[in-house]
Amino acid sequence: MNRTISLNSISAALFSAALLSTAALSTAVLSSTLISGAALANDNTPRLVTAEDYYRMVDLGDVQISADGQSVAFVKTTVGEDKRSRNSTIWVHRNNEPVLQFTREKSDFSPVFTNDGKQLLFLSGRDSGTALYSISLSGGEAQELLRLQQGSISSVSIHPNDQELLLTVRVDPEVENPLEKAAESDDKPDISVITNAVYKRQGGYLNEDRTGLWRYNLAEKTLATITGNSKWHEGSASYSPNGECIAFASNRHPEADEGYFASSVFVRCGNDERELATPIGHAGTPVWTSNSSLVYVYRESSYAAPNLHHYDLSIDAYQVVAEAMNHSPAQLQFADNKLWFTTDDRGSRTLYNVDLDRGGYQYVSGRGWSKGSFAIANNGAMAWVEHNEITLPRLVYAAASNDEGIVITDFNDALQSELDLAAYEVFQTENERGDILDVFMLRPPLVVQGERYPVILNIKGGPGGMWGHQWFHEMQLMRARGYAVVFVNYRGSSGYGQDFAEQVRLDYGGADFRDNIAALDAAFNHYNWLDEDQQFITGGSHGGFLTNWATTQTNRFRAAVTQRSVSNWISEAGTQTFPPLAMIEEFGGSIWDNYAYYWGRSPLKYAYRVRTPTLIIHSNHDHITPIGQGEEWFFALKANNVPVELVVFDREGHGLSRGGKPINLVERLNRIVAWFDRYKHQ
């Protein structure tokens, strides 16, 4: 099994998805209705959640497991004392002993075991800049292995002999030796020269840097390029089990820099490199299954269902082992003679595997939970992070692939024991097309017969992706303030099949909007204690767009909070990170080809209809939905005399709600519930 650390594996957000088992739902829901924050009997009675509880929450991730399956390394992340930073340290679990803190610095991440199990490599921001370090599993001080003077390491794989490293390095292709400092000059103007359609990402403008493959000899301390100073981006690189070859993925299409959806798998043995004979489309994330075969994920187009191909290098041909999958595989790993992956699955983040001899894929575990940062050893020992709406993140270790596993961390236990948390109640309804929708309901702390309670429709972003029973601080805070909360994985979401995911294409503000309203209406039919006169709405990103859109289509909501939203698809198309090719595919043509759709699905066109008091939350470093989208919506509502307030978070990006500075993340939470409180019947 290859050992790989990836800078991209660091979660931009604290606490991703997780789920509660169906068997525990009814008990947890019943108990939650019997507890009231206003009726605390003694100091041991759980209290209601506050936004400030975020400062005490612990995130876990970057899980790695040793080759023998006996040791697990992971990263523990906490909020810094200044409430503006996060500290990350590496911890280790060995031989069924309690977890042990292994590094003491505040910026250590991406650990990986050497194959002999004697060393742990990791990246760290200690000593002024990120570098690669090694520490003995027997203890002692960490030793710096490699520090680049130009560029940055994005992933590291260890050769099976532990004498060489395969690095993915992001650096200017003109740089011949990243170990040498760049010549300094003060006479260069402060400009960015842009020629490619793909010219920016969340974080700012892109430069000429590319991700290429490099080899680092540990004994000689020498760094050499593998694929040359590539003008392409290369990634997902790993050694074959015998270390003689390297597999990687790269988009070398002539229009790659224009945003063309393509990728190929390459295998390099010594100086011999060949592109695998895969179909035209996108082939990526190759995983070795033997010295002469590998598996990769293939999609014919960006909207096509994924397939798993098993490629035999000896005959230069592939076999389809899973076709037109309704589950999109992630975290692919080969171990215990099977291919393993996690996937979105009707509100859960579950584990599946593939028997390559039989084909197809089958469910293993995780329904009712979300399994993240999954790692498995060759012998089937595995570890993962799990959590749900009433369980904060914790690490689980299983000695074999058929074991349920044991929880080996308790970092969040003290906080969790203090909090009055409730599980989601899930029921089903149908949309107008006949799709079955899972409606998630979080009820207030205490529901009294004959009383009516306000409800918030919380709309997820996307339209891809999925919400479920994850640890979601925001939901529990809304509940703590006396609101019922409703959400649905509307058409366009993942985890409900490929056909369901495709239904929103060319129908923004249509299928997605109708599913949300159908879920809210179903909640009123299902619960007679919801107050129809106290309906509220919020959402971020695509959920922000739908929040804006909803207030142009109906006046049923007493107040709205729109976050990192889109108000005008015409200006959005020309200012965000997605290039023209992506927008043409998404919207069925360019602005000039399909102007009626771009403008017709823009909330701004119908802003004169809005009567709902609206709080706009936006960040001025957002490049996915740039700040102008929030400003245009503010202008429109002001011009139409709608009560409106714009809150701009300085130097935050699109990910404020999950990975922003903790103090700003908490401020956002408090402002959302305060806005709803302002318009709620007292």
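Accessible areas here come from the Shrake-Rupley method with a 1.4 Å probe, and for residues only the protein chains shown count as cover. By that method, the protein chain has an accessible surface of about 28200 Å², with 47% of it belonging to carbon and sulfur atoms. Keep in mind that this is a predicted model: local features need pLDDT of at least 70, side-chain atom pairs count only at pLDDT 80 or more, and totals for chains, interfaces and linings use all residues. Residues are numbered from 1 along each chain as its sequence is written, and side-chain values use heavy atoms, leaving out hydrogens and water.

**Overall shape**
- The C-alpha atoms of the protein chain fill a box of roughly 75 × 60 × 55 Å, taken along the principal axes.
- The radius of gyration (taken over C-alpha atoms) is compared with a globule rule of 2.2 Å times the number of residues to the power 0.38.
- For 682 residues a compact globule would come out near 26 Å, so the 25 Å of the protein chain agrees.

**Inside the fold**
- You'll find 12 helices and 39 strands in the protein chain; these are DSSP runs (helices: H or I, at least four residues; strands: E, at least two), numbered from the N terminus.
- Of the 682 residues, 57% are buried (buried is under 20% relative accessible area, exposed over 50%, partly exposed in between; 1.4 Å probe, protein chains only).

**A look at R358**
- R358 sits in the loop between strand 26 (348–354) and strand 27 (362–365).
- R358 counts as exposed because its relative accessibility is 65%.
- R358 and V321 are 37 residues apart in sequence and 7.8 Å apart in space, C-alpha to C-alpha.
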